[in-house]
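Good morning, and thank you for the time on the agenda. Please have the sequence and the structure open while I speak.

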Amino acid sequence: MRKTSLTVLVLALGVFGIITTEMGMVGVLPRVSAELGVTPSAAGWLVGVFALVIAVSGPFTTLLASGVDRKKVLAAAIAVFALSNAVYALTTQYEVMLAFRVVPALFHPVFFAVALATAARLVPAKDATRATTTVFAGVTVGFALGVPLTSYLAEHVSLASAFWFGALVNLIAFLGILRFVPSMPVEERASYGAQLGILKRPRMWLTITSVVLVFAAMFSVYGYSAEYLGQVTHMDGTWVSAMLMAFGIVMILGNFAFGSLLQRGPVRTVVAYPVLCLLVYVLLYAVGPLFAPMVPVVLVWGAVHSGGLVVSQSWLGRDASDAPEFGNSLFISFSNLGITVGTAVGGWVMAEYGARQLTWAGAGFAVAALIVTVLRLGLEPRRDQSGGRQAVSPDPSGQALGEVGA
């Protein structure tokens, strides 16, 4: 049991390294622009291309890797991230750095999909949600610590040191996977047709739509959180940095809180999530210009924001229990689509109506997510809604496991 716990923690460390690689670039773009001699807009493509490649390629790369030993897939994917960070640290050519943003982006959804499914399979069915929540903690810790630390190293040590930090984290995760993850050859791989077959279900597309809308609701506001706190609440740079750090730390706690709620009542939690988002955004609007009340509200916002990750993954996973890794890749791809849509709409609202109105963009997406979720529940078998069998995690044969109340 101790070794299993270490294995789950190693997978969470791998996720932390991947998020630090993906999102850490955001905080160092000015240094990249200056040191590589490119415009800020060109440097921005180092972030945009990464997300675009994930959204487009995720399901396909996961399908291609579906017949390979899961340990080998995890090790190879995390090794690519370690190597890519080393390239970032060593290169002085923008084109080289851009190419090595594309390569790891191809492996990003594969690692996530396999890591989540592996964590669920390594523990008893009753602990599957807890295991996947622990892996997801790597995301929140990445936002809370990995991204700020990357920015700090770039600013106070050197740009190369920030990337060497990312390389080291991924290298440690790689060694941990070799040491603690058992060999997991695929004995009975579902055919490509069988895995793609889950997309023929109308309820799956409603679930996917709700995931896109939830992430749009989250990132239409979060993507411009610094601008909101600066322009609306009139916090200076020091306070904004402190609030964003606190936001990230509270996300860690919120991640586990929502994981616990999902274990107790998955359907109730999924329905409640967009409602909570809506309430938080109304509260943000109400106290926006008020400095002191905004401090605790930011903490509440961070706790609720973190829940979107694990809640959406669990929700989509229920409809993909017979193709769990492909389902996880769909989650990664469409959540990135939601981030893209949300940030685009949030940017438009801020440009047209001002930062104060950002919260209404998030509120609108939250209401839309709630409506689609309710429509999806209309297609739910009666026994799932009344506390019957609930798919929490799949076993290797694709059978749903776990009995939890709805």
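Let me begin with a question: are Y88 and F163 buried or exposed? In this predicted model, Y88 is buried, and F163 is buried as well.

I turn now to the aromatic pairs. The count comes to twelve aromatic pairs. One of them joins Y88 and F163 in an edge-to-face arrangement, with 5.3 Å centre to centre and 65° between the planes. Y88 belongs to helix α3 (residues 70–90) and F163 to helix α6, so this pair ties together parts that lie 75 residues apart in sequence. W348 and Y353 also form an edge-to-face pair, at 5.7 Å centre to centre and with 80° between the planes. Here W348 counts as partly exposed, because its relative accessibility is 48%, while Y353, at 54%, counts as exposed. The cut-off that places them in these two classes is 50%.

Where does the kink in α2 lie? The kink, of about 60°, is at S57, shortly before the proline P59. As to its span, helix α2 runs over residues 40–64; at 1.5 Å a residue, its 25 residues should span 36 Å, and the end C-alpha atoms are 35 Å apart, which agrees.

Helix α4 (residues 94–121) can be treated in the same manner. Its 28 residues should span 40 Å at 1.5 Å a residue, and the separation of its end C-alpha atoms is 41 Å, again in agreement. α4 bends by about 25° at F107, and the proline P109 follows within four residues.

Finally, the protein as a whole. It has 15 helices and two strands. Of its 406 residues, 56% count as buried. Among contacts with a separation of 6 or more, 81% are between residues 24 or more positions apart; the pair of Y88 and F163, with its 75 residues of separation, links α3 to α6. The protein exposes about 16200 Å², of which carbon and sulfur atoms supply 69%.

Thank you; I would be glad to take questions.

Definitions and conventions. Residues are numbered from 1 along each chain as its sequence is written. This is a predicted model: local features need pLDDT of at least 70, side-chain atom pairs count only at pLDDT 80 or more; totals for chains, interfaces and linings use all residues. Side-chain values use heavy atoms; hydrogens and water are left out. The expected span of a helix is 1.5 Å times one less than its number of residues. The bend at a residue is the angle between axes fitted to the seven residues ending there and the seven starting there. Buried means under 20% relative accessible area, exposed over 50%, partly exposed in between (1.4 Å probe, protein chains only). Contact means heavy atoms within 4.5 Å. Accessible areas come from the Shrake-Rupley method with a 1.4 Å probe; for residues, only the protein chains shown count as cover. Rings of Phe, Tyr and Trp (its six-membered ring) pair if their centres lie within 6.5 Å; planes under 30 degrees apart count as stacked, over 60 as edge-to-face and the rest as tilted.
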